[in-house]
Amino acid sequence: MRTSLEVADVFRAAGAAYRAAYAGHLSLHQLKVMSAIEHCRTAALGGHVEACDDCGHWRIAYNSCRNRHCPKCQGAAARTWLAEREADLLPVGYFHVVFTLPAELGEIAWQNKAVVYDLLFRAASETMMTIAADPRHLGARIGITAVLHTWGSAMTHHPHVHMIVPGGGISPDGTRWIASKAGFLLPVRVLGKLFRRLFLSQMIKLHDVGKLAFFGASAGLIDRRRFLRHLAPVRKKRWVVYAKPPFAGPEAVLAYLARYTHRVAISNRRLIGFDEAGVTFRYKDYRRNGPERGQVMTLATHEFMRRFLLHVLPRGFHRIRHYGLLASATRKASIAQARELLAALPPEPAEPVDTSDLMPHCPCCGGRMRIVESFGRWSQPRAPPQAHTPTGMTPP
C-alpha cells in the first residue's frame, strides 16, 4: 500500500530552497540524488501505459529512478539480490554481528567517507576472520556477508557494519566442517579489542600517507600530534561489538537480509506528517525499553533533508561485501566444499518463473495488466489509452 507521505514529497516541495540555501556546500553526487528522488515515478523519467487483458482498464505508470538512495526503488533491487543469495545458504545456524565506530570518530568518517568506510569494512572483516581462525576459538575459515549502514534511527551519523555469519567454517586443511557452539560464535570482548587495534593502526597509516582530509573545526587534525591526541581517548575506550542471538533458520536469515541490505536512511512508512513546522516521523530510542522505545520526532524541513543527505555514499562505493567462504572469486567452490563436508545437497534448480505472474493485477477486475505503450522522458502517451481492446473482444 502506498504511504500518503513520501521523502520525495519533501524534496519536491523544499528541494529548490534547500539548494539555494546551501549552494556550494552540496556535492554533485548529493545534487544528483536529490534530483533522482524528486523525479522518481514522474513524467520526467518517462513511463508506460498498462491495460487489463480482461476489462480494458488502463493506467499510466511512470519509471523509477533506480537510485540506491531512493526509498521507493529498493524493493525490487532487494528481491533480485536475495534470489541470488538464496542459493548460498548453508544448512547451519547463522549469527548476526555488528561492528560500530565510536562517536569520537564520526566527524573524521563523514569527511572521509570512501576511505574510512572502506577501512571499517576491512578492519571488521579481518577481525572476524582472524579470531575465527584462531584454534583457541573456532579454528576455521568462515564466510561473511557485510552490509554498511551509516545512520541511527533518527538519521544521525552512526557508521556501523552488520554481518551475517554461518555458525561454523571449514578447517584449515579443508577436510571437515567445524561447527560453532550452540548459541555462541566468537567472544565479543576479544573481537572488540582486535577491531580497535586494527582500525586505529590503519587510520594512523592513512594519516601518515596523506589519505585523510580535515575541514572546519577538524582542520587542525592535519597535524600528526594533534591527530594522535584526538585518538588517545578512543584507544582506552571499549569498542563494543554486538552479537545478536542466532537466527531461527535460513528463512529467518533471508527475511533479515530483505530488511537490511537495501535499506536507506529513512523509509516512507516512518513518515507521519509534513507542514510548515517540518517533517514528523517515527524513530526508535534504543536507550529505552518496551513501548517507550518507539518515539516521534519533528525536524525542520532543511534539517530533515540535511540528515538524509548525510548518508549519500560516494559514487561506486560497495555497501554490501562478502568475505572468506563467500568472497566472490571463490564463492561457488567454497559453498560446494562446505555442502560436501556438511553432507548437504545443493538446492534444486528453481523452476522457470512465469512472467505473467509478475505483472500487476487490475484494480477493477483482478486481471493482468500488460504494457501496451511506452513513452520517453517528459512525454505523454501518443494515443488515448482507452483505445485498448481487451483480449477476446471485438472493437466497436
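The largest cavity has a volume of about 140 Å³. A cavity here is a set of points, on a 1 Å grid over the protein atoms alone, where a 1.4 Å probe fits but cannot get out. The volume is the space filled by probe spheres set on the points, with grid points joined across faces, edges and corners.

This is a predicted model, in which local features need pLDDT of at least 70, side-chain atom pairs count only at pLDDT 80 or more, and totals for chains, interfaces and linings use all residues. Residues are numbered from 1 along each chain as its sequence is written, and side-chain values use heavy atoms, with hydrogens and water left out.

**Enclosed and open space**

Rolling a probe the size of a water molecule over the atoms shows where empty space is left. The structure holds two cavities of 30 Å³ or more. The largest has 14 lining residues, meaning residues with an atom within 4 Å of a point. R85, D88, L89, T145 and L326 lie nearest its centre. At least two lining residues come from each of α3 (74–86), β5 (157–166) and α8 (250–260). Helices (H or I, at least four residues) and strands (E, at least two) are DSSP runs, numbered from the N terminus.

The second largest cavity has a volume of about 90 Å³. Its lining includes H69, W151, F308, H311 and R319. Strand β4 (residues 143–151) gives the most to this lining, with four residues.

The second largest pocket holds about 510 Å³ of space. A pocket is an open set of points with protein on both sides within 12 Å along at least five of seven lines. This pocket has 21 lining residues, and H25, S27, Q30, W110 and K113 lie nearest its centre. Two or more lining residues come from each of α2 (28–39), α4 and α9 (301–309). The largest share, four residues, is from α4.

The table gives the linings by class. Ala, Val, Leu, Ile, Met, Phe, Trp, Tyr, Cys and Pro count as nonpolar, Asp, Glu, Lys and Arg as charged, and the others, Gly among them, as polar.

| Space | Volume | Lining by class |
|---|---|---|
| Largest cavity | about 140 Å³ | nine nonpolar, two polar, three charged residues |
| Second largest cavity | about 90 Å³ | seven nonpolar, four polar, one charged residues |
| Second largest pocket | about 510 Å³ | 10 nonpolar, seven polar, four charged residues |

R331 lies in helix α10 (residues 331–341) and D88 in the loop between α3 and β3, so the pair ties together parts that are 243 residues apart in sequence. Both R331 and D88 are buried. Buried means under 20% relative accessible area, exposed over 50%, and partly exposed in between (1.4 Å probe, protein chains only).

The structure holds 15 salt bridges. Each is a side-chain nitrogen of Lys or Arg within 4 Å of a carboxyl oxygen of Asp or Glu. One of them joins D118 and R122 (2.9 Å, N to O). These two are four residues apart in helix α5 (residues 113–133), so about one helical turn separates them. D118 is partly exposed at 24% relative accessibility, and R122 is partly exposed at 34%. D118, R122 and R321 are linked in a network of salt bridges.

D134 and R136 form another salt bridge, with the closest N and O atoms 2.8 Å apart. D134 is buried, with a relative accessible area of 15%. R136 is exposed, at 71%.

Seven of the seven residues of strand β3 (residues 94–100) are buried. In a regular strand the side chains alternate between the two faces of the sheet. Y94, H96, V98 and T100 point one way from β3, while F95, V97 and F99 point the other way.

β3 pairs with β5 in the antiparallel sense over seven bridges. Strands pair if DSSP finds at least two bridges between them. F99 stands opposite V161 in β5. β3 also pairs with strand β8 (residues 241–244), again antiparallel, over four bridges. There, V98 stands opposite Y242.

In soluble globular proteins, nonpolar side chains tend to be buried together. The largest nonpolar core has 49 residues, of which L105, M128, M163, F199 and M203 touch the most other members. Such a core is a set of buried Ala, Val, Leu, Ile, Met, Phe, Trp, Tyr and Cys residues joined through side-chain atoms within 4.5 Å. Elements giving two or more residues to this core include β3, β4, β5 and α6 (188–208). α5 gives the most, with 10 residues.
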